[in-house]
Amino acid sequence: MDFSINQYEFGQRPAVTIPSPEFLKILTEEGIRKMVSDHYDLLSKSEIKHLFPRIDEQLDKAKQRSSDFFIQICGGHPYFNENRGKPMLAKRHAPFTITSEAREVWLKCYIQILSNLDLQEELLQSFWNYLNVFSFWMVNSKK
Ligand code: HEM
């Protein structure tokens with residue numbers, strides 16, 4: 001398993017390969033929702049906790065939106081499009097100050113979660129590769 005974090009130049013938008021649909025098939029929607037929920041719980045205790053909702057109700061909504069997106073990008077039901085419209089994720093992240101250091105914290109929280117999933121390595125790798133590359137699109141601040 002290779003959970004290395006790619007480094008990019010500020011402003012780069014590297015080409016993204018979407019995760020294998022098998023990731024959703026094997027993990028199931030419920031598994032994706034639990035993975036995302038656990039990730040947010042780690043973020044809420046991390047050094048970038050200031051970025052995320054503090055109120056439980058709002059945190060639950062954030063978990064739902066992100067899960068909807070990940071289910072959709074893995075070839076599942078288009079919950080995100082139905083509930084929120086076109087993803088345009090870089091734009092949706094624009095109100096938050098996201099540095100490349102914040103991206104690393106975000107990704108490291110995912111490493112913790114993915115390391116504990118009982119899934120074939122190639123499926124985890126496919127999902128990780130997606131996060132590793134696409135997360136850089138959300139970086140919008142040099143400091
Ligand atoms: C593959 C990378 C990422 C994906 C797919 C992703 C996905 C999402 C989605 C779907 C939302 C909800 C947007 C909405 O419905 O309005 C969201 C919100 C948010 N994301 Fe990301 N994100 C990624 C990376 C990051 C990174 C690297 C950070 C910061 C370090 C971040 C911070 C936030 C914040 C602060 C919000 C708003 C609060 C919330 O709804 O959680 N995201 N993200």
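What percentage of the 143 residues of the protein chain count as buried? Please then examine helix α6 (residues 121–134) closely.

Author: This is a predicted model, in which local features need pLDDT of at least 70 and side-chain atom pairs count only at pLDDT 80 or more, while totals for chains, interfaces and linings use all residues. Residues are numbered from 1 along each chain as its sequence is written.

Of the 143 residues, 23% count as buried, a residue being buried if 20 or more other C-beta atoms, placed from the backbone, lie within 10 Å of its own, exposed if 12 or fewer, and partly exposed in between. The protein chain contains 6 helices and 0 strands, these being DSSP runs (helices H or I, at least four residues; strands E, at least two) numbered from the N terminus.

Helix α6 spans residues 121–134 and has 14 residues. From first C-alpha to last it reaches 20 Å, close to the 20 Å expected at 1.5 Å a residue, where the expected span is 1.5 Å times one less than the number of residues. Its buried residues are L123, L124, F127, W128, L131 and N132. Seen down the axis of α6, these fall within an arc of 165°, so they line one face of the helix; the arc is that of the directions from the helix axis to the C-beta atoms. What covers them includes α1 (21–43) and α5 (100–115).

Contacts (C-beta atoms, placed from the backbone, within 7 Å) can also be considered for the whole protein chain: among those between residues at least 6 apart in sequence, 76% join residues at least 24 apart.

Note on methods
Two residues are in contact if their C-beta atoms, placed from the backbone, lie within 7 Å.
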